[in-house]
Amino acid sequence: MAGSDENNPGLIGPGNVQGALHPGVHKFTAVSSNRRALSNINRNIVAPLYPCAINKRGISEKFAAQLANKKEPPKQEVKLNHHPSEPTESDDDDDDDCTIIDAEELKAIDDFSAPVFVQHTEAMLEEIDRMDEIEMEDVAEESLMDIDGRDKKNPLAVVEYIDDLYTFYMKVEKNSSVPPNYMCQQEDINERMRGILIDWLIEVHYKFELMDETLYLTVNLIDRFLAIQAVVRKKLQLVGVTAMLLACKYEEVQVPVVEDLILISDKAYTRKEVLDMEKLMVITLQFNISLPTPYVFMKRFLKAAQSDKKLELLSFYIIELSLVEYEMLKFSPSLLAAAAIYTAQSTLGGSRQWSRTNECYSTYSEEQIMECSKLMVSLHENAGTGKLTGAHRKYSTSKFGYAAKIQPASFLLDSSF
């Protein structure tokens, strides 16, 4: 073999061919006994499926599983033609990258401008890139967001303590809840009367332009008081007015005077009656007024939902409809808030929407809030009918973005949960 190299300077021996290859290839498995010109030899270089791919990228487990499931005919190993007396490097090295094959055996491949394996490799790399992009999009979409990151320099946001605060609220919210059947203890009033009272207080709250927190605390004080203290029918409105007065003293900067509340009650009660009821209420509740209401959780969960004004208004509209309904007392304040935001998101989006961030900060999964959400959808559908339309009229104004005119998410009623 060495003699043939010296007598044929125009031909290239095995040692010289290595330098003629492109940088990605280092060895040859075997060389045929018929030596050929360099141009023909280059045409017979077949790129293996993986080792010769330039800038090879790792294959994700997801894509590898898809490749394993594809039904492709097995590729047959090409046998090399070499002289029996010539030792082959493949006998010593199993990690060879490329192979030179006799032209007669690859006659069909020579008819193409690029080998079939090279074309297949390029298509595979494109598929890998595409799958990686899809996987990265999925990860970005499902990633958990730090909703407090932008408020680290705001001392009023108390970022260092906010998680501990809401963990505490979750623990103590059961103290602000009432038995869902407490009306059974009342002899002279019922849940229908309670609904009328709260519907009226929503209008009073709107006319006095009070803070949102005041309304939720007012309803909470009423329910907690009625769950302990028996009240006659003619004193029920007095309980409502007094609860609003206490809530205003706790939440508002400018508190309505007692005379204003008496006037809006059509002078049904005297000043002394209001003050006496105030004393009875705070003693009955043991002065325990600082408890988390649905409003506390609404602000936190809306932040996790990255809400805009439209979502915020619709969420508050839905939860105010729930305040009127005695049936909704079986849900905790945090669950009511989560369900209201979930229902509002689904209503505006046209499909069920509950992200990992929503679930993390609310601690509720979509399945856990679905029962409450379905009831809220039913309330939304019937909001403009009947006599209890205070919230519907309130949110039908431009100030509240005409939220009451948005069509309810009726498709949630057919949910599989």
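The largest nonpolar core of this predicted model has 51 residues, a nonpolar core being a set of buried Ala, Val, Leu, Ile, Met, Phe, Trp, Tyr and Cys residues joined through side-chain atoms within 4.5 Å. Buried means under 20% relative accessible area, with a 1.4 Å probe and protein chains only. F316, Y317, I369 and M376 have the most contacts inside this core. Two or more residues come from each of α7 (159-176), α8 (191-207), α9 (212-226), α13 (294-304), α14 (309-324), α15 (333-349) and α17 (366-381); helices are DSSP runs (H or I, at least four residues) numbered from the N terminus. The largest share, ten residues, belongs to α14.

Beyond its neighbours within four places in sequence, F316 is in contact (heavy atoms within 4.5 Å) with Y216, Y295, M298, K299, L302 and Y395. Another core, of 38 residues, lies apart from the largest one and includes Y182, M183, L197 and M244.

The second largest pocket has a volume of about 560 Å³. On a 1 Å grid over the protein atoms alone, a pocket is an open set of points where a 1.4 Å probe fits, with protein on both sides within 12 Å along at least five of seven lines; lining residues have an atom within 4 Å of a point. The volume is the space filled by probe spheres set on the points, which are joined across faces, edges and corners. Among the 25 lining residues, Y166, Y169, E213, Y295 and V296 lie nearest the centre of this pocket. The largest share of the lining, seven residues, comes from α7.

Residues are numbered from 1 along each chain as its sequence is written. In this predicted model, local features need pLDDT of at least 70, side-chain atom pairs count only at pLDDT 80 or more, and totals for chains, interfaces and linings use all residues, while side-chain values use heavy atoms, leaving out hydrogens and water.

Technical notes:
Buried means under 20% relative accessible area, exposed over 50%, partly exposed in between (1.4 Å probe, protein chains only).
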